[in-house]
Amino acid sequence: MALNSASQCSYKTVLSCKNCILTGASRQTESKEKEMLQNFPALTYTPWQPSPNNSCSKSLPCACPSVVVYKKSRQGPYLPTLKFDRRYHATGPRRRVTIFCTDRRHPQGRNSKKREAVQQNVDLPPVLPKKKKKPYPMPLKKIQQAARADKKLAEMGIEKKLEPPKNGLLVPDLIPVAYEVLDAWKLLIKGLSQLLHYVPVHACSECSQIHVAQSGNDIQDCLGPTNSSRRSFHSWVKGSINDVLIPIESYHMYDPFGTRIKHETRFNYDRIPAVVELCIQAGVDLPGYPSRRRTKPIRMMGKKVIDIGGLVEEPRPSVNSSSVIMDLDTHRSFERFTPPLESEVPRIAQETIDAYEKVKWGVTRLMKKYTVKACGYCSEVHVGPWGHNAKLCGEFKHQWRDGKHGWQDATVDEVFPPNYVWHVRDPKGTPLRSALKRFYGKAPAVVEVCMQAGAQIPHKYKPMMRLDIVLPESEESRLAV
């Protein structure tokens with residue numbers, strides 16, 4: 001900022017004339033301020049003109065009592081504000097003061113891209129306590145609000161408006177997605193069965209943890225029944241594909257909107273993987289596992305179904321149903337698929353991890369439309385608008401519920417669990433230790449197996465694997481902040 005030589009004013013934020021003396025007097029009353037503002041025409045200024053070097057100048061005739069304060073405006077550059085001392089009036093000789101403003105900052109538009117925060121280390125979701133019900137995926141207030149709205153419509157005698165697939169009809173856009181998920185599910189089972197011939201997997205015989213490396217880890221976090229005698233060390237045994245890909249099964253129903261499954265009739269229904277049942281209800285025609293395809297929507301009033309199109313007798317399963325489901329199940333898949341050539345292991349690993357991502361993407365998209373219920377206490381899952389009535393829950397306070405499940409909307413991780421394991425940088429190196437536990441990362445078991453087999457790590461899993469952390473020595477771990 002620069003001033004004219006005739007004015008001899010200060011170039012600080014507050015500018016004053018040479019003959020002006022600022023005192024620390026108290027603030028003016030409103031009446032006196034109005035009188036001073038009425039004399040404002042004595043001060044005149046010429047509009048500013050921007051200079052070529054991104055600077056703005058203001059030239060104004062300044063009387064002695066004026067104090068110029070440079071202030072920023074939201075709608076443009078810095079604008080001057082005039083303040084008056086109570087002892088002076090806007091009279092007397094006028095002096096022209098030229099104020100220069102230089103703004104070196106580059107203009108930023110409204111559509112300028114903000115710097116995205118790069119996540120380096122991501123913590124895994126917390127482990128939910130078993131002696132407490134799982135949280136609802138949707139806030140409870142919204143659930144209660146929707147229930148009150150349905151009840152109000154039912155009291156008024158108005159039918160509930162349902163859209164596919166809530167009304168029993170298929171969604172045509174999701175039928176190809178269901179077929180893609182089923183094909184990727186087959187490829188995932190086949191790829192994991194072949195990779196387990198080369199990548200060793202260890203499972204604890206006392207708890208549910210597994211470890212992917214040449215030998216088990218030495219981390220003391222076992223929660224099994226006899227962990228006190230083992231000082232919380234794991235009891236490692238050879239693992240299988242069911243330890244890597246946790247089997248989540250569901251009852252197959254010909255008509256999900258029909259009669260509920262009772263505890264006495266539970267053996268009349270087959271148990272198949274929940275991902276396969278979701279694809280069948282989404283439009284996949286699987287031999288041996290038929291599903292009812294409605295042409296007319298169902299009608300509901302509140303929670304009561306007033307028209308489901310009549311009950312249809314379920315066709316009997318064919319003899320070849322067991323052979324069809326064999327390719328879609330992990331049972332004895334390690335024996336059915338022979339070990340591949342060692343040169344083909346990286347290619348199979350990359351195809352397997354791509355199939356894993358395809359299944360996860362498809363299940364997430366299907367569950368946005370099709371209803372899947374999960375028990376709030378155990379790992380039971382049911383694909384359909386309502387849960388079954390089989391009394392098989394044995395978790396926290398099941399006596400109060402007579403063994404019935406506490407059904408609520410399921411999440412993707414409950415239908416297709418990731419099963420996180422410790423990430424091992426050197427599978428043939430020294431086992432992981434408890435002293436460096438907070439420096440290790442984790443990854444889904446399928447991703448860890450495929451990575452050790454030669455596949456490329458997807459970018460979204462790198463932050464949780466903590467690849468940018470340098471592992472210190474055990475003696476230096478206590479000094480790390």
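Author: Strand 7 (residues 201–204) and strand 8 run antiparallel and are joined by three bridges. This is a predicted model. The two strands form a hairpin, with five residues between them. Two of the partners can be named. V201 has V212 in strand 8 as its bridge partner. H202 has H211 in strand 8 as its bridge partner.

Now turn to the other neighbour. Strand 7 is also joined to strand 9 by three bridges, and this pair runs antiparallel too. Here C204 has W236 of strand 9 as its bridge partner.

Strands of a sheet pair through backbone hydrogen bonds, either parallel or antiparallel.

Where do the side chains of strand 7 point? V201 and A203 point one way, while H202 and C204 point the other way. All four are buried. In a regular strand, side chains alternate between the two faces of the sheet.

Next, a helix. Helix 2 has 16 residues, which at 1.5 Å a residue should span 22 Å. Its end C-alpha atoms are 23 Å apart, which agrees. The expected span is 1.5 Å times one less than the number of residues. G157 follows helix 2 and has a positive phi, near 75 degrees.

Now the charged pairs. The structure holds 17 salt bridges. One of them joins E159 and R299, whose closest N and O atoms are 2.4 Å apart. E159 is in the loop between helix 2 (140–155) and helix 3 (175–195). R299 is in strand 12 (residues 299–301). Are E159 and R299 buried or exposed, or in between? E159 is partly exposed, with a relative accessible area of 31%. R299 is partly exposed as well, at 39% relative accessibility.

R292 lies in the loop between helix 5 (274–281) and strand 12. D255 lies in the loop between strand 10 (249–251) and strand 11 (271–273). R292 and D255 are 37 residues apart, and the pair links distant parts of the chain.

What about burial here? The cut-off for buried is under 20% relative accessible area. R292 has 15% relative accessibility, so R292 counts as buried. D255 counts as buried at 11%. R294 is buried too, with a relative accessible area of 11%. Salt bridges that share partners also join E249, R271 and E380 into one network.

Rings come next. There are four aromatic pairs. In one of them, Y356 and F416 have ring centres 5.3 Å apart and planes at 40 degrees, so the pair is tilted. Y356 sits in helix 8 (residues 345–367). F416 sits in the loop between helix 9 (412–415) and strand 17 (420–422). The two are 60 residues apart, in distant parts of the chain. Both Y356 and F416 are buried. Together with W185, they form one aromatic cluster.

W422 and Y440 make another pair. Their ring centres are 6.3 Å apart and their planes are at 80 degrees, so this pair is edge-to-face. W422 lies in strand 17, and Y440 in the loop between strand 17 and strand 18 (442–444). The pair therefore ties together parts that are 18 residues apart in sequence. W422 counts as buried at 7% relative accessibility, and Y440 counts as buried at 7%.

Last, charges over rings. The charged end of K442 sits over the ring of W422, 4.5 Å from its centre. The charged end of R401 sits over the ring of Y377, 3.9 Å from its centre.

Methods
Residues are numbered from 1 along each chain as its sequence is written. This is a predicted model: local features need pLDDT of at least 70, side-chain atom pairs count only at pLDDT 80 or more; totals for chains, interfaces and linings use all residues. Side-chain values use heavy atoms; hydrogens and water are left out. A salt bridge is a side-chain nitrogen of Lys or Arg within 4 Å of a carboxyl oxygen of Asp or Glu. Buried means under 20% relative accessible area, exposed over 50%, partly exposed in between (1.4 Å probe, protein chains only). Two strands pair if DSSP finds at least two bridges between them. Rings of Phe, Tyr and Trp (its six-membered ring) pair if their centres lie within 6.5 Å; planes under 30 degrees apart count as stacked, over 60 as edge-to-face and the rest as tilted. A charge sits over a ring if NZ of Lys or CZ of Arg is within 6 Å of the ring centre and within 35 degrees of the ring normal.
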